[in-house]
Amino acid sequence: MQAIILAAGMGKRLKNLTQNNTKCMVKVNGVTLIDRMLHQIDKQHLSRIVIVVGYEGQKLIDYIETLDISTPIVFVNNPIYDKTNNIYSLALAKDWLVKDDTVLFESDIIFEDSVLETLINDPRDTLALVDKYEPWMDGTCLRLNDDDDDIIDCVLGKNFNFNDTVGLYKTVNLYKFSKDFSEHHYVPFLDAYQVVLGENEYYEQVLRVITLIEKSVIKAKRLNGQRWYEIDDLQDLDIAESLFAADDSERVKRIQARYGGYWRYPKMLDFCYLVNPYFPPQKMKDEMKASFDTLITEYPSGMRVNSLLASKNFGVLQENILVGNGAAELIKSLMEHLDGKVGFIRPTFEEYPNRYDKENSVAFVPENPDYKYAVDDVMAFFSENKVDNLVIVNPDNPSGNYIPKKELLQLIGWAKNSHIKLVIDESFVDFSDEEDSTIIDQDILDSNPDLYVMKSISKSYGVPGIRLGVLASGDTDMIELLKKDVSIWNINSFGEFYMQIEEKYKKDYEKALIKLRAERDRFQQKLSEIKGIRVIPSQANYVMVELSGDISPKELTKDLLIKYNILIKELTSKTEGRSYLRLAIRNTEDNDVLLEALLNELEG
């Protein structure tokens, strides 16, 4: 068996990284793609490696000759690489194709050893390696017969229908061709296809023709969780560097540092970032999809109109509410306009203390293992430790500590009498068991002009991708100032449209909250049954747990990500090194996956 690598392309989308180097010379964590690939192939002890070069071909040849590869290497030159596509490069190597069984590679993919091993070790002689389609993937996809891995259809990129992706598998751009298949099927079709359609095409089109005529000649080989990535641009490279970091700890660190975008990571379950798993309903999403063309091509309204929409949804006057590009934008703006000392309760949502001068910050840390506190505790501490402003997250993040509305109103009155500006973040309050929990209420705001109420719509309503948050206050001067501080078009058309239609789905939202609360109770109960976990009861859409035993939060976080592709939040830095985790509450199916993984890791 031999290998053929197609490495003639220019890789223009990688910008300056391929200005003077071919695409496979790009480095992932300090190692070039071609270096990594050749050493992986070398371990398989194949008869030869045939490499089709083109752009900066001599530079690539000179580099490869320094790599100490024991397998014989043959180079084939594509002199018109800038006028052709990979069908021509493969055609240049067709004489080699018919000499031996072949593993065919494109040079811009990175993969773990098991990917190549699963292809080579499969007893079937002619295979297309595939993985279940996910939204980050691009290029040729296949439809398969589930019974025998026959390829029913080959969907080329130019024919791709994004509304019809169920059951699709993406080609990994790794193939195994038998000598017989190359000689009697692929090469004859390759020659004929080039004569009819020219040299600026892709070799996958030949596979499509073959599968249409003789479906059983080439089978699909499905991956099952093995890591691979195709590197076409700088973002692909960035993701590949986290997926294939030098060690597991570094991999975890790099993935955590992305703060989202985890749909680009194959099959990852995100228990770190917090959303509502039961909202929005499908009908609401369908309504937004129906307006997609308009929303993506039309400007959104300015701040005045979006404040009007928010005032309608939350039942307060327009001059009392401000809309943000997520709560994070509003937190930044508000904290920059506070003066004097600010009080925080730690641990908490770090976006608030991170946005204020540490020297003027005063922290109250509850002296109990659950980080629980009541209004009396807060008032007692900040009566002795004077502040000008106080931030309360309710329910708190990460502890899930909840102050009932009646007691919160008592705190609001105390802050007013103490001349303290009070910021209350109620991003998670809808998840509490208390029915009437919000303090975004016109009478409350009018009576307390130094009260500022923040709410992340992303978290409560399960729409983090459209970035929405609101800030309500009786301090209309501050609201007006903040409206001028943020951009006039800080909300995109999708966010505006969401606020426009949201009121129609109030009953769906209420049902979603009931489901979340029930699943939270079940999830907490199941967690408490696992040896080594102590659950701190929560009123939010997450739960904080304490670990006992030998395993540390960092170790468990790493093991869950590396072994199970599950991302969680460890709280070592927030809890002075103590063994706490924060686990988001997802739907029952996802939660059960996490519960099983935790059971395996903690109880063995």
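Buried residues make up 55% of the 604 residues in the chain, a value computed, like the others in this report, from a predicted model. The chain has 23 helices and 26 strands, and its C-alpha atoms fill a box of roughly 90 × 55 × 45 Å along the principal axes. Of the contacts in the chain with a separation of 6 or more, 74% are accounted for by residues 24 or more positions apart.

**Helix packing**

Two packed helices are described by the angle between their axes and the distance between the axes. Helix α15 (residues 375-384) packs with helix α16 (residues 405-417) at an angle of about 20°, their axes lying 9 Å apart. Angles under 35 degrees count as roughly parallel, and α15 and α16 are therefore roughly parallel to each other. Their crossing is right-handed. On the α15 side the contact involves V375, D376, V378, M379, F382 and S383, which meet E407, L408, Q410, L411 and W414 in α16. The residues of this contact of α15 with α16 divide into 7 nonpolar, 2 polar and 2 charged.

A further pair is formed by helix α12 (residues 303-314) and α20, which pack at an angle of about 30° with their axes 9 Å apart. The crossing of α12 and α20 is left-handed. From α12 the contact takes in V305, N306, L309, A310, K312 and N313, and from α20 it takes in E496, M499 and Q500. Sorted by class, the contact of α12 with α20 has 4 nonpolar, 3 polar and 2 charged residues.

**Salt bridges**

| R227 | E112 | 3.4 Å |

In the salt bridge of R227 with E112, the closest N and O atoms are 3.4 Å apart. This pair links distant parts of the chain, 115 residues apart, with R227 in the loop between β12 (219-222) and β13 (228-230) and E112 in the loop between β7 (109-111) and α5 (113-120). R227 is partly exposed, with a relative accessible area of 23%, whereas E112, at 18% relative accessibility, counts as buried, the cut-off for that class being under 20%.

K504 lies in the loop between α20 (493-501) and α21 (506-528), while E287 belongs to helix α10 (residues 282-290), so the pair ties together parts that are 217 residues apart in sequence. K504 is exposed, with a relative accessible area of 54%.

Salt bridges that share partners join D122, R124, D146, D149, K221 and R222 into one network. One member of that network, D146, has its place in the loop between β9 (141-144) and β10 (151-155), and at 61% relative accessibility D146 counts as exposed. D146 and A240 are 94 residues apart in sequence and, from C-alpha to C-alpha, 30 Å apart in space.

**A buried lysine**

K176 is found in strand β11 (residues 168-177) and is buried, with a relative accessible area of 3%. Leaving aside residues up to four places away in sequence, K176 touches M1, T102, V103, L119, I120, D122, R124, D125, T126 and L127. K176 and D477 are 301 residues apart in sequence and 69 Å apart in space, taken from C-alpha to C-alpha.

**Backbone geometry**

Most residues other than glycine have a negative phi, and most peptide bonds are trans. The peptide bond from F279 to P280 is cis, with omega near 5°, and P280 is found in the loop between β14 (269-270) and α10. A cis peptide bond also joins N397 and P398, with omega about 25°, and P398 is found in the loop between β18 (389-393) and α16.

K15, although not a glycine, has a positive phi of about 55°; K15 has its place in the loop between β1 (2-7) and β2 (27-28) and is exposed, with a relative accessible area of 55%. For N565, another residue other than glycine, phi is positive and near 60°, and N565 is found in the loop between α22 (553-564) and β24 (566-567).

How values were computed: Residues numbered from 1 in each chain as written. Predicted model: local features only at pLDDT ≥ 70, side-chain atom pairs only at ≥ 80, totals over all residues. Heavy atoms only, no water. Axes fitted to C-alpha atoms, helices over the stretch in contact; angles between N-to-C directions. Helix = DSSP H or I, 4+ residues; strand = E, 2+ residues; numbered from the N terminus. Parallel < 35°, antiparallel > 145°, perpendicular 65-115°, else oblique. Left-handed = near helix turned anticlockwise from the far one by under 90°. Contact = heavy atoms within 4.5 Å. Nonpolar A, V, L, I, M, F, W, Y, C, P; charged D, E, K, R; others polar. Salt bridge = Lys/Arg side-chain N within 4 Å of Asp/Glu carboxyl O. Buried < 20%, exposed > 50% of the residue type's maximum accessible area, 1.4 Å probe, protein only.
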